[in-house]
Amino acid sequence: MEIKKAKVQGFCFGVAITLKKAEEAIDARETVTTLGHVVHNPQMVESLEQRGLKNATSVDEVDTGALFVRAHGLPVDVYEKAKEKGLEIIDATCPMVTKIHVQAEKLKADGYKIIVVGDPNHPEVKGTLSHVPGAWCIETIEDVEKLPRGSRVGVVVQSTYSRERFTDIVRALVAKYYEVRAVNTICTDTNNRQTEALELSKEVEVMVVVGGKTSANTKHLAELSELHGAKSYHIEGPDELEAGWFHGVRTAGLMSGASTPGWLVDNVAQRMEELARQPA
Ligand code: SF4
């Protein structure tokens, strides 16, 4: 079996910066707490926890030390609360996420009613919504119908959203509103990986996508590959691979999400080769 690996592998630059900042912070301070996992990758989360990074669900639980802001960013009120509590804030929000906040604020200042496209329960989207109070949040094309009437809408999108779905939503908004100003805030890394998923899925029979089960960008890659013809499997590590997936398969693809380390992808590739050599 030939394994075709995507060219874009390993951490995106936002996750790489966040991890570097997290490691530096832990080494230099006694107590560093993050709200939610720093990356959608169980192996990396475990390694950071072993090095001393604490995890809390709310800023109310953090009374001392530094609050580490991961790549997704945090809602404005959480920053304010952390400042009130006298916590040191180490901000590792990805610049591509900050760009979404800035674009949304600009559109609002220009008088547009803001629509944020994305998962309302995702931490990044919660952060974006906090910058533009009163914004509408929609997740699917079906939600467009439910939106109130208006005339001028300004649209931004979650950094890891599916490009195809965003295009469809903008089309539906154009049909509904007099003026639509949409800014494609899907980040460059997500864009590149989605382009590769599209191309690679046409060349392979099976696609393995490695990344945390809660990682939005990894989920979209698996969906995209499946949609474009490759039987797709979203896994977190080599142990989840099954020999049966590769029986009779001549070409398999291998991709990873933005928070998957390169070494994990290599381990998966090695295990895929071993399984492919096993007799059916
Ligand atoms: S996926 Fe994009 S927005 Fe998210 S951390 Fe990586 S570069 Fe930044």
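1. Basis. The model is predicted: local features need pLDDT of at least 70 and side-chain atom pairs count only at pLDDT 80 or more, while totals for chains, interfaces and linings use all residues. Residues are numbered from 1 along each chain as its sequence is written.

2. Overall form. The protein has ten helices and twelve strands. Helices (H or I, at least four residues) and strands (E, at least two) are DSSP runs, numbered from the N terminus. Along the principal axes, the C-alpha atoms fill a box of roughly 60 × 55 × 25 Å.

3. Burial. Of the 280 residues, 42% count as buried. Buried means that 20 or more other C-beta atoms lie within 10 Å of the residue's own; exposed means 12 or fewer, and partly exposed is in between, with C-beta atoms placed from the backbone.

4. The open sheet. Four strands run in the order β7-β6-β8-β9, with parallel pairing. Two strands pair if DSSP finds at least two bridges between them. The edge strands, β7 (136-138) and β9 (179-182), each pair on one side only. From one strand to the next, the twist averages 25 degrees. Angles run from 0 to 180 degrees between N-to-C directions, with axes fitted to C-alpha atoms, for helices over the stretch in contact. β6 (residues 113-117) joins β7 through three bridges, and I115 has W136 as its bridge partner in β7.

5. Strand β12. Five of the six residues of β12 (residues 251-256) are buried, so this strand is largely enclosed by the rest of the structure. β1 (residues 2-5) pairs with β12 in the parallel sense over four bridges; E2 stands opposite T251. β10 (residues 206-210) also pairs with β12 in the parallel sense, over five bridges. There, V210 stands opposite S256.
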